[in-house]
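Here is a chain to read by its labels.

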Amino acid sequence: MSSPSQPISIPRALFVFSLLYGGLAVLAGVLGTKLASLGHWPILGDLAVESGIFAFLLLVVLSSAVAELYGQAVANRLVRYGFIPLIVSMVLLTVVIRVVPPAPFWSDQDAFARLLGQGARMQFAGLCSYGISQTLNVYLFSRLAGGLGSGGSGKLLMVRAWIASLLSQVVDTVIFITISFYGTVEANGQPMPIGTIMEGQIVSKLILSTIMVPPFIWLFVRLGRRLDR
């Protein structure tokens, strides 16, 4: 007779962070339909950013926290598993918008489709930018610690998280906007100004990375260690 399988043991913080990570991966795409104002800044002028960045930066924080607590390999697996809820959510939204008919008395179908519907090109761009930028973030964060895969070192935690997030956000923006808009034209027939779009998005994301990532990485690493006690 075969012995009963042993229960899989997973650290409490890793379990909680994984659930949160999956939810935020889905939410980032939904929030991205709103453009948020960051106000007027000296020299920089008026800045705006797609709202999905708030959820995406928390993904950066969570993957970095997992790398700090459990090592680079575990964080990379978290990023790869993040494709599952991301792809499932994209498929479900597409089916609900394009296949499932609206109720006869519901008049918001056009607004629903306009806000949540994304073309295949933008969905592909989102998958590429997510996978590459998140993997890069984990790599840089771990590399800056002085040893690949050596989680828990605690050295310059907030500085490493800040630098890794800055660089990964630049890469994320370049990949997403290039794939989404390269070769497209505006309503007036002029080529889409992807350089201008990138510049504004990168500046806005760098500001948010500086404000959000250092305190949140400190908070999540501290929370993770408390949960695992």
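Q: What handedness does the crossing of H2 and H6 have?
A: Right-handed. This is read from a predicted model.

Q: Which residues make the contact of H2 and H6?
A: H2 supplies Phe56, Leu59, Val60, Ser63, Ser64, Ala67 and Glu68. H6 supplies Tyr130, Ser133, Gln134, Asn137, Val138, Phe141 and Ser142. By class, seven are nonpolar, six polar and one charged.

Q: How do you know that H6 spans what its residue count predicts?
A: Helix H6 covers residues 120-144, which is 25 residues. From first C-alpha to last it reaches 36 Å. The expected value, at 1.5 Å a residue, is 36 Å, and the span is close to that.

Q: What makes H2 oblique to H8?
A: Helix H2 (residues 52-70) packs on helix H8 (residues 194-227) at about 40 degrees, with the axes 8 Å apart. That angle makes H2 oblique to H8. The crossing of H2 past H8 is right-handed.

Q: Which residues form the contact of H2 with H8?
A: On H2 they are Ile53, Phe54, Leu57, Leu58, Val61, Leu62, Ser64, Ala65, Glu68 and Leu69. On H8 they are Lys205, Leu208, Ser209, Met212, Val213, Phe216, Ile217, Phe220, Val221, Gly224 and Arg225. The contact has 15 nonpolar, three polar and three charged residues.

Q: Why are H2 and H3 called roughly antiparallel to each other?
A: The axes of H2 and H3 cross at roughly 150 degrees and come within 7 Å. The cut-off for roughly antiparallel is over 145. The angle passes it, so H2 and H3 are roughly antiparallel to each other. H2 passes H3 in a right-handed crossing.

Q: How many charged residues does the contact of H2 with H3 hold?
A: None: seven residues are nonpolar and two polar. The contact is made by Ser63, Val66, Ala67 and Tyr70 of H2 with Gln72, Val74, Ala75, Leu78 and Val79 of H3.

Q: Where is confidence highest, and where is it lowest, among the elements?
A: Helix H3 (residues 72-81) is highest, at a mean pLDDT of 96. Strand E2 (residues 45-50) is lowest, at 83. The chain averages 88, and 93% of the residues score at least 70.

Q: Which stretch has a pLDDT below 50?
A: Residues 147-152. In the model this stretch has 14 contacts beyond near neighbours in sequence.

Notes:
Residues numbered from 1 in each chain as written. Predicted model: local features only at pLDDT ≥ 70, side-chain atom pairs only at ≥ 80, totals over all residues. Heavy atoms only, no water. Axes fitted to C-alpha atoms, helices over the stretch in contact; angles between N-to-C directions. Helix = DSSP H or I, 4+ residues; strand = E, 2+ residues; numbered from the N terminus. Parallel < 35°, antiparallel > 145°, perpendicular 65-115°, else oblique. Left-handed = near helix turned anticlockwise from the far one by under 90°. Contact = heavy atoms within 4.5 Å. Nonpolar A, V, L, I, M, F, W, Y, C, P; charged D, E, K, R; others polar. pLDDT = per-residue confidence, 0-100. Expected span 1.5 Å × (residues − 1).
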